[in-house]
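Hi,

Here is the structure I promised to pass on. Have a look at it first, and then read my notes below.

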Amino acid sequence: MTAIANRYDFVLLFDVTRGNPNGDPDAGNMPRIDPETNFGLVSDVSLKRKIRNYVELAHRGEEGRHIYVQESSILNEQHRKAYKAVAPYKDDPKTDKAGKLNPRTDDEAHALTAWMCANFFDVRTFGAVMSTGINCGQVRGPVQIAFAQSIEPIIAQEISITRMAATNEAEKKQKAEGDDSVDRTDNRTMGRKHIVPYGLYRAHGFISAKLAERTGFDEGDLELLFTALAEMFEHDHSAARGEMASRKLIVFKHDTALGKASAHALFERVRVGRNIDGEFRDVEDRGIDNAPPARKFTDYKVEIDRANLPDGVEIIERL
Amino acid sequence: MPYGIRLLVSGERALFCRPEMKVERVSYDVITPSAARGILEAIHWKPAIRWIVDEIHVLKPIRFQSIRRNEVGHKAPAGKIKQAMNRGDLADLQILVDEDRQQRAATVLVDVAYVIAAHFELTERAGPDDNEGKHLDIFNRRAERGQCFHQPCLGTREFDARFELLSPDAPPPTPHPDDRLPALGFATPRDLGFMLFDIDHAAPGRPSLFFRAALQDGVMTVPHPFSPEVRR
């Protein structure tokens, strides 16, 4: 594996329609919100989770593309059983001596780290902390993703739902004791859903070629990362998410490892504004205050400023 | 001070974690010298040089926000990795995040901007080719063009730092007149208590070093690493 030789920065625009892109555990799973401005947030780790899930789904079991940090729905126990049934792996006695095999030297630690990088896509991409007792090293991955923030303040709506069943006998009794005598509602349980009617979110990402050298993150991995960013929501549908989709993925490719321009100056070239009668209007423009709230992607307009691009920087629109 | 540089760094959020409150992370009020050093090293560093942070100018009011996230409870055990290497299969090498869940809150800073005033010294690992001018040139060139080894961050990697080199003769940026409040040490100096200075990676056990931080007129003066103000 030859590591990538170019630095990249990217802007990902994704939207949610009638769904909850990222619940806040502190707020009863309401969509995350910046409490001061009401802009919606999606945490970095939420996006990384989706990238991992996509890679796991699309390249399950492929050499070098394993995922270390997994959701438990993956049927790995099944895999292990299969391995255990096959001759060379069958109940290796070493397996039972867990916890006594810490690396003693730096070389050993490096070998462990290198092996983890070679086998696991997520370790190679995002890094991992690998230590028990004796520190075997920490891998800093080349890909760094920041919190995503919505383009405009979002409204989180709370929707009550009902279920025509009780969880257990006790609950059923409790309900029956109420004065509600209609049969149909006897077993009913109320629940709550939080949705964002519509939100367009913007995430920024950074890919360091210099850190890629250390983990062996190569061109194939880069391609896979971009594919994952473009398609990850297609495979993440659930009752909570509503409709989510990646809308734009704009990549800035530098022609050197260290890069040719500051990431933030490049990000400022991607401007997202409201589409008012086909015209680009800045979201902070007071003149659009009376415009109806955005409810679909076409209510927004994305402009990329390609003028006077710094030397050695190329804009690639992946989506 | 010879070969000083000033870098303006800013970002929407930042987390300079207090070591005593790292389970549910709480940030210091301002960037620590060690985080500032990390930002400089993200732009340019070689074993031949050592960055010394001299001053930190705080340009925005100190405000906090709380974020709770689902995190995993364990690190990757080295022993298990070695077993898997020896065995030659990956079957049980994984972290199941749903079974190893910890919900942790982080109290982070919002909307920060600092000027890091720093210089560097040559270390004992400097070779015959290393001179201060060369490294200063490399740093200035990179910082001016927005080049970096990896994107610097404000404490943790999800909070990226934007950076801008201030030219040596430019007047120092100052906080907005409305923000010149006692909280930033205007009118009366503000004691920030003991703050992490850095971690001594060379010493056995990697001890943390602390210093008594104070803000005076928006500026935190940072002692030299080998001065008595730094408590070991």
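**What I found**

Lys248(A) is partly exposed, since its relative accessible area is 22%. Its partner is Glu317(A): the two side chains meet in a salt bridge, with 3.7 Å from N to O. Glu317(A) sits in strand E16 (residues 313–317) of chain A and Lys248(A) in strand E12 (residues 243–254) of chain A, so this pair ties together parts that are 69 residues apart in sequence. Glu317(A) also counts as partly exposed, because its relative accessibility is 39%. Please keep in mind that this is a predicted model.

Another one to look up in chain A joins the side chains of Arg52(A) and Asp122(A), at 2.9 Å from N to O. This pair links distant parts of the chain, with Arg52(A) in helix H1 and Asp122(A) in helix H4 (residues 121–126), 70 residues apart. Are these two buried or exposed? Both Arg52(A) and Asp122(A) are buried.

Chain B has a salt bridge between Arg18(B) and Glu20(B), whose closest N and O atoms are 3.9 Å apart.

Now for the helices. In chain A, helix H1 (residues 44–58) packs against helix H7 (residues 219–231) at an angle of about 110°, and their axes are 9 Å apart. That angle makes H1(A) roughly perpendicular to H7(A). Which residues make the contact? From H1(A) they are Ile51(A), Tyr54(A) and Val55(A), and from H7(A) they are Leu224(A), Leu225(A), Thr227(A), Ala228(A), Leu229(A) and Glu231(A). Sorted by type, the residues of this contact are seven nonpolar, one polar and one charged.

Chain B has its own helix H1 (residues 33–43), and this helix is mostly covered, as nine of its eleven residues are buried. Among them are Pro33(B), Arg37(B), Leu40(B) and Ile43(B).

Cheers

Key:
Residues numbered from 1 in each chain as written. Chains lettered and ligands numbered in written order. Predicted model: local features only at pLDDT ≥ 70, side-chain atom pairs only at ≥ 80, totals over all residues. Heavy atoms only, no water. Axes fitted to C-alpha atoms, helices over the stretch in contact; angles between N-to-C directions. Helix = DSSP H or I, 4+ residues; strand = E, 2+ residues; numbered from the N terminus. Parallel < 35°, antiparallel > 145°, perpendicular 65-115°, else oblique. Contact = heavy atoms within 4.5 Å. Nonpolar A, V, L, I, M, F, W, Y, C, P; charged D, E, K, R; others polar. Buried < 20%, exposed > 50% of the residue type's maximum accessible area, 1.4 Å probe, protein only. Salt bridge = Lys/Arg side-chain N within 4 Å of Asp/Glu carboxyl O.
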